[in-house]
Amino acid sequence: MFRRKLTALDYHNPSGFDCKDETEFRNFIVWLEDQKIRHYKIEDRGNLRNIHSSEWPKFFEKYLQDVSCPFKAQERQETVDWLLGLAVRFEYGDNVEKYRNCKPEAAANNTEKPSDPLINLDSNNPDFKAGVMALANLLQIQRHDDYLVMLKAIRILIQERLTPEAIAKASQSKEGLPVSLDKHILGFDTGDATLNEAARILRLLHIEELRDLQTRINEAIVAVQAIIADPRTDHRLGKVGR
């Protein structure tokens, strides 16, 4: 997940980094601050360097606040990704001439127009993640670890429900067909003809609601299948999926 940014920052083990390993994670934070971010003065990094302290999580939380990280320490993957993005920006600022003429891999290796417009998006960009999260919260879409999957779900919802055509269709009044109540067997007798007729009407309305519910369930299933049955392809790595 972080391999490309770690490689760009010359981290010693970009492929094997595991942010869930507490010791490795703390050492990584110390390395990132010492070597790349350098937000604190050297003499102020003692608490962060004391990785065996029981109070280290408190010092790390303060560090996140000091660097204006929008995520909490409990959101570890998001925090690591944001800090890596910050470090990459600082690294570029320190070596502008070195990276000025570098071409993106996708531009160098693939001259064909991609079929999926999402393929050129940098899903690890903190601004991209913040925008996707804001849209997902606004549209009440379930959170997912893969931000591209979340963006696809947002696109499906907008296409299905929020386009002018979809809104116009939903706003149209539905005229029902005339129904002969005598042809529908109630199954019981209230002893009153008027009550029997009212019961038939309620039963038909209930059946209509069940049909509408089934339609919505089918639409939800189709929308989910459109997401999970479409593995993300990373054309730069030549691999399907993560």
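Aspartate 66 and lysine 62 sit four residues apart in helix α4, about one turn of the helix; helices here are DSSP runs of H or I with at least four residues, strands are E runs of at least two, and both are numbered from the N terminus. The side chains of aspartate 66 and lysine 62 form a salt bridge at 3.0 Å, N to O. The model is predicted: local features need pLDDT of at least 70, side-chain atom pairs count only at pLDDT 80 or more, and totals for chains, interfaces and linings use all residues. Residues are numbered from 1 along each chain as its sequence is written, and side-chain values use heavy atoms, with hydrogens and water left out.

**Salt bridges**

- The whole structure contains 11 salt bridges (a side-chain nitrogen of Lys or Arg within 4 Å of a carboxyl oxygen of Asp or Glu).
- The classes are buried (under 20% relative accessible area), exposed (over 50%) and partly exposed (in between), with a 1.4 Å probe and protein chains only.
- Shared partners join the salt bridges of Glu33, Asp34, Arg45 and Arg49 into one network.
- Glutamate 91 and lysine 36 form a salt bridge whose closest N and O atoms are 3.4 Å apart. Because glutamate 91 lies in helix α5 and lysine 36 in helix α2, this pair ties together parts that are 55 residues apart in sequence.
- Lysine 58 and glutamate 55 meet in a salt bridge at 3.8 Å, N to O. Lysine 58 is exposed at 52% relative accessibility, whereas glutamate 55 is partly exposed at 40%.

**Aromatic pairs**

- The structure has 10 aromatic pairs. Rings of Phe, Tyr and Trp (its six-membered ring) pair if their centres lie within 6.5 Å; planes under 30 degrees apart are stacked, over 60 edge-to-face, and the rest tilted.
- Tyrosine 11 and tryptophan 31 have ring centres 4.9 Å apart and planes at 70°, so this pair is edge-to-face. Tyrosine 11 is in the loop between α1 (3–8) and α2 (22–37) and tryptophan 31 is in helix α2, so the contact ties together parts 20 residues apart in sequence.
- Tyrosine 11 is buried, at 6% relative accessibility.
- The rings of phenylalanine 25 and tryptophan 56 are also edge-to-face, because their centres are 6.1 Å apart and their planes stand at 80°. Phenylalanine 25 belongs to helix α2 and tryptophan 56 to helix α4 (residues 56–66), so the pair ties together parts 31 residues apart in sequence.
- Phenylalanine 25 is buried with a relative accessible area of 1%, and tryptophan 56 is buried at 1% relative accessibility.
- Arginine 76 lies over the face of phenylalanine 25, 3.9 Å from the ring centre. The criterion is NZ of Lys or CZ of Arg within 6 Å of the ring centre and within 35 degrees of the ring normal.
- A cluster of Phe2, Tyr11, Phe17, Phe28 and Trp31 is linked by ring pairs.

**Nonpolar cores**

- The largest nonpolar core has 29 residues, and Phe28, Phe60 and Leu83 touch the most other members. A core is a set of buried Ala, Val, Leu, Ile, Met, Phe, Trp, Tyr and Cys residues joined through side-chain atoms within 4.5 Å.
- Helices α2, α4 and α5 (76–94) each supply at least two residues of this core.
- Another core, of 11 residues, lies apart from it and includes Met133, Ala136, Tyr147 and Ile154.
- Leucine 83 touches Ile29, Leu32, Ile37, Phe60, Tyr63, Leu64 and Val67, leaving aside residues up to four places away in sequence. Contact means heavy atoms within 4.5 Å.

**Lysine 5 and cysteines**

- Lysine 5 is in helix α1 and is buried at 12% relative accessibility.
- Not counting residues up to four places away in sequence, lysine 5 touches Asp81, Leu84, Gly85, Val88, Asn124, Asn125 and Pro126.
- The structure has zero disulfides (a disulfide being a pair of cysteine sulfur atoms within 2.5 Å).
- Cysteine 19 is buried at 6% relative accessibility, and cysteine 69 is buried at 12%.
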